[in-house]
Amino acid sequence: MKSVAIVGASLAGAKAAEALRDEGFDGQIRLIGAETELPYERPPLSKGYLTGTADRDSVFVKSADWYDTAKIELELGTEVRAIERDGHRLLLDAGRTVEYDKLLLTTGSQVRKLDVLGGDLDGVHYLRTLADSDSLRESIANSRSIVIIGAGWIGLEVAAAARAADVAVTMVDPATLPLVRVLGSEVAEMFAALHRSHGVDLRLEMGVSELVGDGTRVSGVRLTDGTVVDADAVVVGVGITPRTQLADECGLVVDNGVMVDESLKCSDPDIFAAGDVANAFHTFYGTHVRLEHWANALNQPKVAAQSMLGKSVSYDRLPYFFSDQYDLGLEYTGYVSGNAYDEVVFRGDKDSFEFIAFWCREKRVLAGINVNVWDVTESIKTLIKSRQAVDPKRLADPAIGLDELI
Ligand SMILES: Cc1cc2nc3c(=O)[nH]c(=O)nc-3n(C[C@H](O)[C@H](O)[C@H](O)COP(=O)(O)OP(=O)(O)OC[C@H]3O[C@@H](n4cnc5c(N)ncnc54)[C@H](O)[C@@H]3O)c2cc1C
């Protein structure tokens, strides 16, 4: 192999370039990205960078010098339009073509748009890019009230940032509780209590029928019960979809992301995928899993790099993500498909926002969330991987160490 092209210059793309060099690959590496910024990490965009406590330099994966030193050919502001698999060629937006021996797709996700009247008014924000975060930060600074549509992770983190700036927040979601689809009601209740305690006006089991304004700028949101909530700005956080268009158009197998095996190889043996866009076979779960998590975009690229270099490897890390809201920090480890659990066991007091919760099936731990409790991720992973039944009373008892349970 003489050349690797990586499409998508964000966290997964940059980490893949780094991993290829770490593995000793000294051929050509092209890292091609549509955005004009150096590859950056997105989690700060709804946290420290949005609130102003983290500076711009801190979000970049690597400095500009690093790419030069590592001889990574970084092509920013360049969109790949098509993949010609037969010729091992990429068509770029300027009419140029680029050849590859192996290709890695790290095209990530794009925001789902809200399809309602007024959705394109000024003052309506989405949050995916640095520029989105800059613009939202300015809006928060100049607003007295905002409406957030969607009580998912992004919506909740933006709510915390806006409340920290003393902006009135109304949050609207058709679900019964924030995050209930991801966490189930037992833990989701805590997020409703947390945000209410910080003054967020939660309008649950409620839809949006229209964004209202003067034809140019948004001034409020009409809910499905007819109420209009006034707003100086609106933030839409209604989910993301994997950016599979390139893969689709060149005939790769796509199903909720680019389908890859446990070594992150696609249906074409010279094409690989990692990060948000990859729906990867997970050997521990025996099924394909697509994750929209920072840790996945950080860690999968090493396996993709080794796989491109012909090593026999498998990505089998357990899913992990984190969130920060107000003075609450949390980590989630594991994976629960839908409502495949039969019990949630709490260790610690949910009302004090300091606890661990375990999702269990037949007394086996499937996943755990630690809220304002730290240094337990490895122990939770061990519990999950053991697949051993654990007595729920012992699991709930903080006097018994997690490592003593199995
Ligand atoms: C605001 C925000 C906060 C987050 N917070 C957390 C958190 O707290 N915890 C957590 O676990 N995760 C969090 N995430 C998720 C995490 O950031 C993502 O999982 C991660 O960014 C995925 O990285 P990626 O490299 O796979 O894809 P992306 O970051 O989506 O990057 C894909 C890149 O590919 C480029 N691209 C796409 N198509 C083309 C093309 N045809 N040609 C050229 N370039 C192309 C895009 O422009 C983009 O730059 C957050 C995400 C956001 C947006």
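Biologist: Which residue in β11 is the bridge partner of Ile146?

Modeller: The bridge partner of Ile146 in β11 is Val169. This is a predicted model, in which local features need pLDDT of at least 70 and side-chain atom pairs count only at pLDDT 80 or more, while totals for chains, interfaces and linings use all residues. Residues are numbered from 1 along each chain as its sequence is written, and side-chain values use heavy atoms, with hydrogens and water left out.

Biologist: What makes β10 and β11 a pair?

Modeller: Strands (DSSP runs of E, at least two residues; helices are runs of H or I, at least four; both are numbered from the N terminus) pair if DSSP finds at least two bridges between them. Strand β10 (residues 145–149) has five bridges to β11, in the parallel sense, so the two count as paired.

Biologist: How do you know that β11 also pairs with β12?

Modeller: Four bridges join β11 (residues 168–173) to β12, and the two run parallel. In one of these, Val172 has Arg203 of β12 as its bridge partner. Arg203 and Asp201 are on the uncovered face of β12 (residues 201–204), whereas Leu202 and Leu204 are on the covered one. In a regular strand the side chains alternate between the two faces of the sheet.

Biologist: Which strands form the open sheet, and in what order?

Modeller: Five strands form it in the order β9-β16-β10-β11-β12, with parallel pairing. β9 (124–125) and β12 are at the edges because each has a single partner strand, which leaves one side of each without a neighbour in the sheet.

Biologist: Why is Ser323 called buried?

Modeller: Buried means under 20% relative accessible area, exposed over 50%, and partly exposed in between (1.4 Å probe, protein chains only). Ser323 has 1%, so Ser323 is buried. Ser323 is in strand β22 (residues 320–325).

Biologist: What makes the pairing of the Ser323 and Glu157 side chains a polar contact?

Modeller: A polar contact is a pair of N or O atoms within 3.5 Å; within protein, one must be able to donate a hydrogen and the other to accept it, and residues adjacent in sequence count only if both atoms are side-chain atoms. The contact between Ser323 and Glu157 is 2.6 Å, and the one between the side chains of Ser323 and Gln325 is 3.0 Å. Leaving aside neighbours within four places in sequence, the residues in contact with Ser323 (heavy atoms within 4.5 Å) include Lys47, Trp153 and Leu330.

Biologist: Which residues come nearest to the ligand?

Modeller: Glu35, Arg42, Lys47, Arg128 and Asp276 do, of the 35 residues around it. A ligand oxygen is 2.6 Å from a side-chain N or O atom of Glu35. A ligand nitrogen is 3.2 Å from a side-chain N or O atom of Arg243, and a backbone N or O atom of His293 is 3.3 Å from a ligand oxygen. The protein covers 95% of the 1000 Å² of accessible area that the ligand has on its own. The elements giving two or more residues to the shell are α1 (11–22), α5 (153–164), α9 (294–308) and β22.

Biologist: What sets Tyr326 and Leu264 apart in their phi values?

Modeller: Most residues other than glycine have a negative phi. Leu264, in the loop between β18 (258–260) and β19 (271–273), has a positive phi near 70 degrees. Tyr326, in the loop between β22 and β23 (328–334), has a positive phi of about 55 degrees.

Biologist: Is Leu264 buried or exposed, and what is Tyr326 called?

Modeller: Leu264 is at 0% relative accessibility and therefore counts as buried. Tyr326 is at 23%, so Tyr326 counts as partly exposed.

Methods. Near = heavy atom within 4 Å. Areas by Shrake-Rupley, 256 points an atom, 1.4 Å probe, with all protein chains shown as cover.
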